[in-house]
Amino acid sequence: MTDVQVTLITRGTAAESDELGRAVKADTERTIFAEQCGIKRNEFYQAAAVGMSPSLTFRCWAFEYQSEKALRFGGKEYQIIRTYPVEGERLELICSDIAEG
């Protein structure tokens, strides 16, 4: 496992507006430290059974995760497809590539 920086992303809502009164969706980002872990075999097969393809797993402190649905790592965005509590106050974030296009 390797300590890395990941950016958790909360997608904005149209609750804000710009100077012309148009709805604006601004994302909120927070950078945290996490451990990069491998995908476990059973996690891979369980996800594949429901059409998902996990590509990365990160382990962070549970209090740092605030139900974000995406994260950025290495310049690429990933969808957080599942979370799993481990080792008391820690949480695993299982991530999948976000389809481009």
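Author: Accessible areas come from the Shrake-Rupley method with a 1.4 Å probe, and for residues only the protein chains shown count as cover. With that method, the protein exposes about 6600 Å², of which carbon and sulfur atoms supply 49%.

Reader: What kind of model is this, and which conventions apply?

Author: This is a predicted model, in which local features need pLDDT of at least 70 and side-chain atom pairs count only at pLDDT 80 or more, while totals for chains, interfaces and linings use all residues. Residues are numbered from 1 along each chain as its sequence is written, and side-chain values use heavy atoms, with hydrogens and water left out.

Reader: What is the average pLDDT of the protein?

Author: The average is 83, and 78% of the residues score at least 70; pLDDT is the predictor's confidence in each residue, from 0 to 100.

Reader: Where is confidence lowest, and where is it highest?

Author: Confidence is lowest in helix 1 (residues 41-49), with a mean of 59, and highest in strand 6, at 95. Helices (H or I, at least four residues) and strands (E, at least two) are DSSP runs, numbered from the N terminus.

Reader: How many helices and strands are there, and in which pattern?

Author: There is 1 helix and there are 8 strands. Along the sequence the pattern reads β-β-β-β-α-β-β-β-β.

Reader: What share of the residues is buried?

Author: Buried residues are 35% of the 101 residues in the protein. Buried means under 20% relative accessible area, exposed means over 50%, and partly exposed lies in between (1.4 Å probe, protein chains only).

Reader: Which residues touch the most other members of the largest nonpolar core?

Author: They are Val 6, Phe 58, Leu 71, Phe 73, Ile 80, Leu 93 and Cys 95, in a core of 16 residues. Two or more residues each come from strand 1 (2-10), strand 4 (28-37), strand 5 (54-61), strand 6 (70-73), strand 7 (76-86) and strand 8 (90-97). A nonpolar core is a set of buried Ala, Val, Leu, Ile, Met, Phe, Trp, Tyr and Cys residues joined through side-chain atoms within 4.5 Å. In soluble globular proteins, nonpolar side chains tend to be buried together.

Reader: How many aromatic pairs are there?

Author: Rings of Phe, Tyr and Trp (its six-membered ring) pair if their centres lie within 6.5 Å; planes under 30 degrees apart count as stacked, over 60 as edge-to-face and the rest as tilted. By this rule there is 1 aromatic pair. The ring centres of Phe 58 and Phe 73 are 5.1 Å apart and their planes are at 65°, so this pair is edge-to-face. Phe 58 belongs to strand 5 and Phe 73 to strand 6, so the pair ties together parts that are 15 residues apart in sequence. Both Phe 58 and Phe 73 are buried.

Reader: What else is Phe 73 in contact with?

Author: Leaving aside neighbours within four places in sequence, the contacts of Phe 73 include Val 4, Val 6, Gln 36 and Tyr 78. Contact means heavy atoms within 4.5 Å.

Reader: Turning to charge, where does the charged end of Arg 90 sit?

Author: The charged end of Arg 90 is over the ring of Trp 61, 4.4 Å from the ring centre. A charge sits over a ring if NZ of Lys or CZ of Arg is within 6 Å of the ring centre and within 35 degrees of the ring normal.

Reader: And Arg 59: buried or exposed?

Author: Arg 59 has 9% relative accessibility, so it counts as buried. This residue is in strand 5.

Reader: What about Arg 72?

Author: Arg 72 lies in strand 6 and counts as partly exposed because its relative accessibility is 25%. Leaving aside neighbours within four places in sequence, Arg 72 is in contact with Val 6, Thr 7, Ile 9, Glu 29 and Glu 77.

Reader: Now the backbone: which phi value does Glu 87 have?

Author: Glu 87 has a positive phi of about 45°, although it is not a glycine. Most residues other than glycine have a negative phi. Glu 87 lies in the loop between strand 7 and strand 8, and at 59% relative accessibility it counts as exposed. Ser 67 also has a positive phi, near 65°, and is placed in the loop between strand 5 and strand 6.
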